[in-house]
Every structure is written in C-alpha cells, then in structure tokens.
Amino acid sequence: MHEKDRHRVILSAVQDRSVVTVADLCMLTGASEATVRRDIRTLDSQGELRRVRGGAEALMSAPFVGLAGRPFSYNESINSAEKQAIAKAAVELCADGDPIIINGGTTTFQMVHPLASLQMQVFTNSFPIAEHLLKNTRNTVLLSGGVIYREQNIILSPFDNDVTRNFYAKRMFMGAQGIGPLGLMEQDPLLIQAETKLIGQAEELVVLVDSSKFANRSSLILCPLSRITTIITDDGIDDRTAAMLEAADVKLIVAPTNTAQKEGAAS
C-alpha cells in the first residue's frame with residue numbers, strides 16, 4: 001500500500017475509533033510495525049492526529065459521546081494470560097442451569113471459552129460476549145437494551161424500566177477499573193449507573209480482576225467491598241491486599257497463571 005493510501009486508512013481508523021493501536025493499524029494497512037509507527041510520527045508532525053503510547057488518537061473527540069477508559073481492543077491485549085486463568089476459575093463456580101450476569105469487559109470476555117461446556121441463562125451487556133456464546137455454545141443469551149458504545153463494545157441504558165429489572169441472577173461476574181479499601185471503582189458515571197442496576201439483580205457479586213487493578217484508583221466508587229462475595233485474581237496479589245479483602249469478609253480465589261506454572265516447573 002502506498003504511503004498516501006496508508007495515511008488515509010490510518011486517519012479514517014482514528015476518526016472512527018478515537019484511539020487506535022499500532023497492531024490494529026498494521027492489520028488494516030498490511031504494513032510493518034516500523035512503517036506504521038513512522039506514518040504516525042509523520043501525521044502527528046502534520047497535525048493530523050496525536051501520537052500516543054502504543055498507537056494514535058484523534059485530535060478531536062468523536063461527535064458521539066463515548067465512555068471514559070481505554071477501548072476494548074486495547075485492553076484485550078493487556079495481561080492476557082492472567083485474564084484467561086481468572087476467567088477459567090470464574091466458570092468453575094458455574095453449573096448447568098444457573099442464571100448469571102456477565103458484565104462487559106476483556107477479563108469477563110475470556111469466560112466465553114470455558115462456558116462452551118455448560119448450558120446456562122446468560123444476561124450480558126456485551127456484544128462480543130453475546131455473539132461468541134450464540135455462535136459457539138448452547139447457552140441461552142439475553143441482551144440488555146440501550147445505547148451501544150462501540151469503543152467498549154457494551155450496551156448501556158440510562159433508564160430504570162429496561163429488561164434488566166426482570167432478570168434474576170444467581171451470580172454476577174464483572175471486572176473493574178480499580179479496587180481499594182473503599183470498594184470497586186470505575187471512571188464513568190454512566191457505567192456506575194448501569195452496573196449498579198445489574199448488581200442489584202444478583203445474589204452474589206464475583207469480581208474478576210488481575211492483580212494490577214489493586215493499584216488503580218478512580219474518583220467514582222461503584223460499590224463497597226462489603227457487597228462483593230468473591231474476588232478472583234492472579235498470583236501477583238500481595239499479602240497486604242489479601243489481608244484487606246479478608247478483613248472485609250470477601251472470599252479470595254487466586255488463579256495461577258500459565259507463566260507462573262511454567263516458572264515453577266522450570267525450577
């Protein structure tokens with residue numbers, strides 16, 4: 001692809017998604033990572049976009065209001081081994097026939113693969129989760145209604161009288177922007193509003209977070225630690241954090257990662 005054509009493709013992608021990773025642009029243009037990074041530098045110097053860590057972003061926000069936080073496609077590549085181990089441990093809490101809620105997120109998305117062996121009622125606000133379960137499993141899938149936020153691939157409704165109120169779940173599985181002594185934290189008020197409704201429909205709340213999330217903080221608290229039944233994380237969690245969860249009477253499940261298992265075998 002000629003340089004000018006690559007630039008058009010890159011600018012189109014950035015305007016569509018606001019933030020695009022180098023890997024995504026390599027796939028779209030068929031160019032090498034070095035070439036794409038050079039293109040981003042050129043377009044940044046020309047004032048066409050803004051160069052950011054790992055990719056590029058639009059100079060102006062898209063006209064449609066989005067959500068705070070990084071796109072689904074970007075988060076999906078972060079701590080992937082940990083997310084897979086955590087998701088596998090989460091599905092081990094499930095049984096055929098269970099009604100569950102799976103909130104949208106890259107860690108909860110990893111639940112779809114082990115869920116292929118079960119048959120349950122799954123309520124979700126995630127397009128990728130719903131699509132995969134419909135195509136590859138026997139689970140019954142219910143989708144929430146509302147506005148589609150393409151960056152995070154989720155559906156959120158600001159209204160109280162949506163289908164969420166009619167679904168009962170034995171457990172809700174969700175991720176979080178961060179976790180601290182005050183509870184679960186998120187970045188966006190609309191996420192807080194929508195997820196609070198979902199939490200209210202579940203008997204148990206199971207939070208899936210890799211250990212890096214315990215260092216993250218945000219200005220918005222979704223719920224206190226006392227509302228959480230179980231937290232599933234990886235073996236990078238430190239003793240101080242584990243003690244904090246124990247003091248809050250939160251059950252802690254530590255899922256060993258493949259990396260840790262290989263290191264243990266090697267030693």
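Which residues are linked with Arg171 in a network of salt bridges? Asp98 and Glu204 are linked with Arg171 in that network. This is a predicted model: local features need pLDDT of at least 70, side-chain atom pairs count only at pLDDT 80 or more, and totals for chains, interfaces and linings use all residues. Residues are numbered from 1 along each chain as its sequence is written, and side-chain values use heavy atoms, with hydrogens and water left out.

**Salt bridges**
- The whole structure holds seven salt bridges (a side-chain nitrogen of Lys or Arg within 4 Å of a carboxyl oxygen of Asp or Glu).
- Arg6 and Asp39 pair at 2.6 Å, N to O. Arg6 lies in helix H1 (residues 3-17) and Asp39 in helix H3 (residues 33-45), 33 residues apart. Helices (H or I, at least four residues) and strands (E, at least two) are DSSP runs, numbered from the N terminus.
- Both Arg6 and Asp39 are buried. Buried means under 20% relative accessible area, exposed over 50%, partly exposed in between (1.4 Å probe, protein chains only).
- Glu204 and Arg171 have their closest N and O atoms 3.0 Å apart. The pair joins strand E12 (residues 202-208) to strand E9 (residues 169-174). Glu204 is partly exposed at 23%; Arg171 is buried at 12%.

**Within helix H7**
- Lys135 and Glu131 form a salt bridge at 3.1 Å, N to O. They are about one helical turn apart, because four residues separate them in H7 (residues 127-136).
- Lys135 is exposed at 62% relative accessibility. Glu131 is partly exposed at 42%.

**Around helix H9**
- A side-chain oxygen of Asp238 comes to within 3.3 Å of the backbone nitrogen of Arg240, at the start of H9 (residues 239-247).

Key
A polar contact is a pair of N or O atoms within 3.5 Å; within protein, one must be able to donate a hydrogen and the other to accept it, and residues adjacent in sequence count only if both atoms are side-chain atoms.
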